[in-house]
Structures are given as structure tokens and as C-alpha cells.
Amino acid sequence: MALEIGRVCMKVAGREAGKYCVVLKKVDDTFVLVTGPKELTGIKRRRCNIEHLEPTPYLVKIEAEASEKDVIDAYDKIGLTKKFELRLPSPEILKEAEKKVVKVPVKVEVPKEEKKVEKEVKKEEKVVKKEEVKEVKPEEKPKEKKGITLKIKLPSFRKGKKEEKVEKKEVKKEKKNLERKNKR
Amino acid sequence: MVQRRLRTRSVKKRRVRTPGNRLVTHYGMKKPNAARCSFCKKRLHGVPRVNTSEMRKFPKSSRRPERPYGGTLCSECTRLLLRKVVRGLK
């Protein structure tokens with residue numbers, strides 16, 4: 001079974017292992033966008049390695065990057081909620097979840113090529129014309145902003161983790177030095 | 001004279017040379033065996049090798065990995081098991 005959009009899968013690795021999720025979009029050759037949704041099964045909307053998924057024979061009818069509500073409705077139509085013994089979340093919880101969720105998926109999917117284009121555009125701004133830039137900006141801007149927030153907020157990328165560790169070490173060193181000085 | 005309760009084989013003994021050049025025995029608890037996967041008998045990661053009384057002092061999340069079968073099966077065996085479960089669905 002292929003991992004097409006709407007395929008229901010079980011996560012096999014990590015702390016979300018043994019829980020069901022739905023494929024929303026193909027990000028990469030190795031990665032796929034996935035939700036439980038979190039309110040239903042416990043898997044949050046996130047990028048997931050293909051090797052960590054085991055496809056089930058069930059297909060859910062949804063569009064690419066469907067919202068959490070649509071996915072839950074699609075679950076219910078086929079009767080999967082009864083089969084997996086899942087409890088449907090209350091509408092209040094869903095409303096709160098939608099506010100949070102909308103930001104997450106878009107952050108993940110910004111490809112690297114667009115960022116390069118942005119830099120080139122900025123160089124052109126200084127040198128050549130302002131008219132061309134105006135044409136380009138409105139198309140790309142919404143994606144840019146979300147892409148930038150990604151870099152800062154998600155600590156799960158490896159680069160970010162290393163940087164954090166280095167920072168922590170430096171902070172510890174400073175603390176030790178301060179303590180020594182105080183003792184003297 | 002050694003204390004009565006220390007004269008069993010369930011207590012770990014250690015010979016220590018003191019600074020005054022004497023030989024002294026130190027008594028302590030024995031360590032339990034390392035936790036192993038019940039399928040493949042591999043050593044498990046993330047399970048500390050301490051007595052149960054000390055284990056209770058840890059928070060629950062640091063006693064075993066937080067996945068189904070964490071602390072009894074290794075990660076590879078859980079993958080196999082879960083895959084089998086899914087392939088049995090109809």
C-alpha cells in the first residue's frame with residue numbers, strides 16, 4: 001500500500017508508537033505530513049519519516065492539508081472511530097485546537113529554493129529597480145514570514161539543538177566563574 | 001566482629017586499602033542485572049540499573065522509554081510487533 005493522501009497509518013517508532021494517523025501531504029522522498037488529529041488519536045500535526053509509518057488498508061477521503069475538523073469527519077464517515085475505539089473530542093476543544101494548528105503545517109513545508117530567491121531579490125532591490133520588487137513581493141511574502149518563524153520556534157532541528165547546548169554550556173561556565181569570584 | 005545482617009552472600013563486599021595501610025571490607029548493596037529485551041535479549045537503553053527502592057525515587061519518565069512496551073521490549077522489536085498488528089487488520 002502506498003502512502004497517498006488520506007491513507008490511515010500507524011506510527012511504529014517513538015513515543016507516539018501504536019497510535020493512528022492520516023497522511024496529509026508528501027513533503028519529501030523520505031518525509032510526509034501527518035496528523036492524528038491530536039484531539040482524536042494523540043498524534044499532532046507534524047512531519048514524519050516514512051520508515052516510522054505502517055499503512056493500514058483504510059483510506060479516508062480528504063484534500064491535501066485538510067483541517068482537523070475535516071479529518072475527524074472523514075474518520076467518522078467510514079466508521080473508523082468505532083473500530084479503533086476512539087472518543088470524539090468536544091467542539092470547544094476543536095475550536096481551540098484550530099487556532100493553534102493553522103500555523104504549524106505551513107512552517108514545516110517551506111522548501112529551500114524559495115529562500116535563495118528571496119535573497120537574490122533583496123540584492124536586486126538595492127541595485128536596480130523598485131518596480132520589479134513590488135511585483136514579486138506580494139506573491140512570496142506570506143510564505144516568507146511563516147518560514148522565518150519556523151527557524152526560530154522549532155527546536156527539533158538538529159542545528160538548533162546543538163546551538164542550545166553550546167549556549168547552556170556557556171551559561172554554566174559564567175555561573176561557575178561568578179561563584180568563584182564571590183567566594184574570594 | 002561483623003554485623004550479623006551483613007554475613008550473607010546477598011551483600012556485596014569490597015576490599016579497600018586505607019591510608020593507614022590497613023585492609024578493610026566495605027559492605028554494600030548488590031546491583032541488579034541490566035534490563036533486557038524479552039524478545040531478542042538485547043540490553044535495553046534508557047532503563048537505569050538500580051534497585052527497585054531507588055528506582056521509585058526517579059520520575060516515571062526516566063524509569064523507561066515512553067513508548068508502548070517501553071522497558072520490556074527494545075525499539076526494533078516493538079516496530080516488528082506493531083507492524084504485525086497492523087498487517088492483521090481488515
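Chain A of this predicted model contains an open sheet of 5 strands in the order 4-3-2-1-5, with antiparallel pairing. Strands are DSSP runs of E of at least two residues, helices are runs of H or I of at least four, and both are numbered from the N terminus. Two strands pair if DSSP finds at least two bridges between them. Strand 4 (46-49) and strand 5 (53-59) of chain A stand at the edges. Each has a single partner strand, so one side of each is left without a neighbour in the sheet. The twist averages 50° from one strand to the next.

Strand 2 (residues 20-26) and strand 3 (residues 31-35) of chain A run antiparallel and are joined by 4 bridges. Lys26(A) has Val32(A) as its bridge partner in strand 3 of chain A. Helix 2 (residues 75-87) of chain B packs on the sheet. This helix touches strand 1 (7-11) and strand 5 of chain A, and its direction makes about 10° with that of strand 5. Axes are lines fitted to C-alpha atoms, for helices over the stretch in contact, and angles run from 0 to 180 degrees between N-to-C directions.

Chain B has 2 helices and 2 strands, running β-β-α-α from the N terminus. Between the chains, 11 residues of chain B are in contact with 10 residues of chain A (C-beta atoms, placed from the backbone, within 7 Å).

Residues are numbered from 1 along each chain as its sequence is written, and chains are lettered from A in the order in which they are written. Local features need pLDDT of at least 70, side-chain atom pairs count only at pLDDT 80 or more, and totals for chains, interfaces and linings use all residues.

Conventions: Two residues are in contact if their C-beta atoms, placed from the backbone, lie within 7 Å.
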